[in-house]
Amino acid sequence: MPTHIPLATTAPVRGACPHDCPDTCALLTTVEDGVAVRVQGNPAHAQTDGVLCAKVARYPERTYHPQRILTPLKRSGPKGSGQFIPVGWDEALADIAARLGQIATRNPQAIVPYSYAGTMGLVQGESMDRRFFHRLGASLLERTICASAGGEGLARTLGAKVGMRVEFFAESQLILIWGSNSITSNLHFWRHAQEAKRRGARLVCIDPRKSETADKCHEHIALLPGTDAALALALVHELITHDWLDHDYIARHTLGWEGLRARALEWPPERAAAVCGVPVAQIRQLARDYGTTQKAAIRLNYGMQRVRGGGNATRAIACLPALTGAWRQRAGGLLMSSSGHFAVQRAALQRPDLLAERRPRSINMSTIGDDLLRPTSPGFGPQIEALVVYNSNPVAVAPESGKVVQGFAREDLFTVVLEHFQTDTADYADYILPATTQLEHWDIHLSYGHTDVLLNRPAIAPQGQARSNTQIFRDLAAHMGFTEPCFAEDDEQLCRQAYGTQVDFAQLLAQGFAPTGAPEAPFADGGFPTPSGRCEFFSQALADQGHDGLPDHLPNHEAAGTSKRYPLAMISPPARNFLNSTFVNVASLQRLEGRPLLELHPDDAAARGIADGAVVRVFNDRGSYLCHAAVNARARPGVVVGLGVWWRKLGLNGTNVNELTSQALTDLGAAPTFYDCLVQVENASNAPQSLLD
Ligand SMILES: Nc1nc2c(c(=O)[nH]1)N[C@H]1C(S)=C(S)[C@@H](COP(=O)(O)OP(=O)(O)OC[C@H]3O[C@@H](n4cnc5c(=O)[nH]c(N)nc54)[C@H](O)[C@@H]3O)O[C@H]1N2
Ligand SMILES: Nc1nc2c(c(=O)[nH]1)N[C@H]1C(S)=C(S)[C@@H](COP(=O)(O)OP(=O)(O)OC[C@H]3O[C@@H](n4cnc5c(=O)[nH]c(N)nc54)[C@H](O)[C@@H]3O)O[C@H]1N2
Ligand code: SF4
Ligand SMILES: [Mo]
């Protein structure tokens with residue numbers, strides 16, 4: 001008799017990483033006896049290449065986390081106390097439907113959905129939920145919190161969120177990694193950049209912080225936050241004075257050359273060097289490299305657009321490949337986002353027709369702090385009476401948390417949070433509803449870093465009483481008496497609707513991914529999806545809205561060196577082992593990140609008597625945040641780095657870095673300005689011991 005009987009094993013289940021990351025990896029989940037024991041990268045998917053980041057390789061740890069919410073919970077203590085009791089689904093749904101119904105009879109626009117990219121899935125992120133709120137007539141949400149400044153800048157220049165195919169960076173001879181810490185946030189692009197490096201390409205990183213990526217590039221240009229447009233215009237200046245221009249490409253495929261030329265001639269490298277805080281020789285050298293390399297590629301990422309002039313800076317940078325004709329090569333051009341290559345059938349998924357004649361107001365998710373505190377007024381409309389939050393953790397991630405918390409703490413606000421965990425936001429809920437994870441539901445995905453569609457099949461049964469977002473909105477629709485047939489469609493039907501006939505669904509079912517057929521060199525012969533069909537240096541659409549039609553450098557709202565009280569510019573880019581505020585509560589990943597910290601340059605630390613590891617108070621007029629100092633040369637002088645969006649409740653004084661950020665918006669796209677934030681830092685080693693344990 002064998003003593004060890006092997007478990008019956010089935011083929012791994014094909015899925016997709018749901019996280020807000022450009023890589024959208026193809027997953028293989030190994031299931032034994034109904035338990036997901038391992039999540040791996042699918043080696044058959046070229047972009048994933050069998051490799052996952054450290055975070056998602058830990059997916060089972062997150063899925064089976066002892067603190068997963070597994071039943072509906074109802075608030076049992078004061079708002080924000082985090083005290084809840086379990087209740088049945090029927091009771092929770094009936095009560096929520098009744099509360100929303102009462103508000104809707106007065107004015108459905110007093111109800112606001114709040115969601116972002118906790119899952120990027122088109123089904124769990126933007127289908128049944130949208131149908132529900134459209135049918136209800138709730139306020140619309142402007143989903144601006146991440147990419148809308150850069151997205152708008154790109155759309156007004158190239159015409160859409162389209163660009164180079166990521167795999168061809170491997171063939172480039174020069175790669176500018178601009179506003180991106182690729183090793184942290186775009187690992188599968190970094191693979192291609194490494195390949196190019198092995199083949200002799202030069203890598204330049206443009207980032208105020210000496211990131212892990214900057215460490216591995218040939219050159220690091222540590223400009224001050226929010227000065228990218230000045231740098232780009234100086235590059236154009238040099239391209240002009242040295243005639244490193246593709247005149248034929250400019251004449252045939254661009255609009256507004258004379259205007260851009262005049263604008264750029266106002267930006268000699270000396271002027272830009274002073275604004276950017278970098279040596280003039282570095283700018284000249286960069287221009288020479290860019291102007292004299294044929295296969296020159298730019299990986300632009302959203303890190304550079306979280307400042308007042310983020311939209312204009314994106315525009316200025318997006319002009320560069322058209323000036324040198326780099327677009328002629330498949331290994332030349334620019335990639336910020338590839339999501340415009342996907343023909344998502346959004347009207348079918350979201351059914352805006354359910355609004356009928358109604359035209360609800362829009363709430364900008366980035367100013368939720370102020371908006372929750374606004375009374376009813378003619379300009380604003382009705383006071384917000386109810387919030388339904390899913391796929392997002394606004395109390396941790398939205399700017400100026402002091403205001404956000406004050407808003408969420410309103411006793412008269414009715415808040416429902418669909419979540420996996422009791423996040424900072426869930427603490428303020430009236431009801432928390434347990435949601436499924438990616439291992440437990442169907443979904444279908446686009447990518448903003450490559451050009452393949454991915455399908456996600458459920459690998460395991462929903463944990464506890466968890467229900468998918470779609471199921472929760474179906475159930476709520478039923479309780480509200482919405483009888484339209486679209487509320488009866490199941491998740492597999494929704495997956496099929498997402499691309500209609502644009503993608504081969506049979507191929508998706510069989511292998512888990514399918515190409516979109518995005519072109520290899522999208523603008524080799526022009527054909528930009530702009531109104532003029534050209535790369536628009538000048539945008540009439542922007543001019544018509546009262547903007548400057550040409551890109552310009554717009555100084556930060558809170559520019560470095562403009563305040564004596566707050567002399568340090570703070571940026572707060574992503575932590576490698578978290579994804580925004582997701583994974584912060586996964587013990588193994590938390591151990592890797594250590595603790596909330598602020599990176600300071602040794603000179604700035606010395607001037608304040610701050611030693612490495614000391615507790616510091618970071619503050620401005622908006623708030624005060626305690627964390628530990630990391631004194632090192634990743635921060636440049638004058639710039640401090642509050643790495644990662646930790647959960648507030650894990651912070652020394654119950655705050656995180658967004659206690660300091662402002663609700664001021666960007667030039668284009670009405671996006672937040674997380675990296676446009678002045679602060680002062682002081683030694684707080686004498687803070688009460690209770691805070692330091
Ligand atoms: N591990 C991990 N991966 C992530 C995320 C995460 O939190 N963790 N977040 C995901 C999300 S939501 C997004 S939107 C994407 C992209 O997220 P991004 O915000 O683009 O993230 P990063 O790639 O870290 O790029 C930010 C880089 O820009 C730099 N930076 C800050 N200010 C400026 C500036 O003014 N100019 C320039 N040139 N650089 C600046 C920062 O120092 C940082 O190194 O990443 C996703 N991937
Ligand atoms: N200071 C500072 N602030 C920032 C940033 C920064 O760089 N600095 N980055 C900004 C950026 S780029 C972004 S994109 C935003 C991100 O902000 P959010 O989109 O709010 O992202 P997360 O913090 O990851 O929170 C997502 C939540 O969704 C939940 N979730 C995941 N999947 C599901 C699901 O299927 N159903 C339900 N119901 N819930 C689910 C997760 O458990 C998690 O708590 O933060 C922004 N905030
Ligand atoms: S977070 Fe990004 S790198 Fe990590 S598995 Fe998901 S898509 Fe891949
Ligand atoms: Mo983002």
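Analyst: Here is a connected account, starting with conventions and moving from a loop to helix packing.

This is a predicted model, in which local features need pLDDT of at least 70 and side-chain atom pairs count only at pLDDT 80 or more, while totals for chains, interfaces and linings use all residues; side-chain values use heavy atoms, with hydrogens and water left out. Residue numbers start from 1 along each chain as its sequence is written, chains are lettered from A, and ligands are numbered from 1 in the order in which they are written.

Start with the loop between strand S9 (202–206) and helix H8 (212–215), where arginine 209 sits. Helices (H or I, at least four residues) and strands (E, at least two) are DSSP runs, numbered from the N terminus. Arginine 209 is buried, at a relative accessible area of 4%. Buried means under 20% relative accessible area, exposed means over 50%, and partly exposed is in between (1.4 Å probe, protein chains only).

Which residues pair with arginine 209 in salt bridges? One is glutamate 212, with the closest N and O atoms 3.4 Å apart. Another is glutamate 599, at 2.7 Å from N to O. Glutamate 599 belongs to strand S23 (residues 597–600), so its pairing with arginine 209 ties together parts that are 390 residues apart in sequence. Glutamate 599 is buried, and arginine 209 is too. The salt-bridge rule asks for a side-chain nitrogen of Lys or Arg within 4 Å of a carboxyl oxygen of Asp or Glu. In general, side chains of opposite charge can pair when their charged atoms come close.

Move along to lysine 210. Lysine 210 makes a salt bridge with aspartate 215, and the closest N and O atoms are 2.7 Å apart. How accessible are these two partners? Lysine 210 is partly exposed, at 33% relative accessibility. Aspartate 215 is partly exposed as well, at 35%. Elsewhere, salt bridges that share partners link Asp246, Asp248, Arg252, Arg328 and Asp525 into one network. The salt-bridge count comes to 44.

Now serine 211. Serine 211 also sits in the loop between S9 and H8. Is serine 211 buried or exposed? Serine 211 is buried, because its relative accessible area is 1%. Setting aside neighbours within four places in sequence, serine 211 is in contact with Asn181, Cys205 and Arg634. Contact means heavy atoms within 4.5 Å.

Next comes helix H9 (residues 228–241). Two packed helices are described by the angle between their axes and the distance between the axes. The axes are lines fitted to C-alpha atoms, for helices over the stretch in contact, and angles run from 0 to 180 degrees between N-to-C directions.

Take H13 as one partner. H9 packs with helix H13 (residues 280–292) at an angle of about 60°, with the axes 9 Å apart. H9 and H13 are therefore oblique to each other. Angles under 35 degrees count as roughly parallel, over 145 as roughly antiparallel, 65 to 115 as roughly perpendicular, and the rest as oblique. The crossing of H9 and H13 is right-handed. A crossing is left-handed if the near helix is turned anticlockwise from the far one by less than a right angle, and right-handed if clockwise.

Which residues make this packing? From H9 come Leu231, Ala234, Leu235, Glu238 and Leu239, and from H13 come Ile283, Arg284, Leu286, Ala287, Tyr290 and Gly291. By class, the contact of H9 with H13 holds eight nonpolar, one polar and two charged residues. Here Ala, Val, Leu, Ile, Met, Phe, Trp, Tyr, Cys and Pro count as nonpolar, Asp, Glu, Lys and Arg as charged, and the others, Gly among them, as polar.

H9 also packs with helix H12 (residues 269–276), at an angle of about 165° and with the axes 9 Å apart. That makes H9 roughly antiparallel to H12. The crossing of H9 past H12 is left-handed. H9 supplies Ala230, Leu231, Ala234, His237 and Glu238 to the contact, while H12 supplies Pro269, Ala272, Val275 and Cys276. The residues of the contact between H9 and H12 are seven nonpolar, one polar and one charged.
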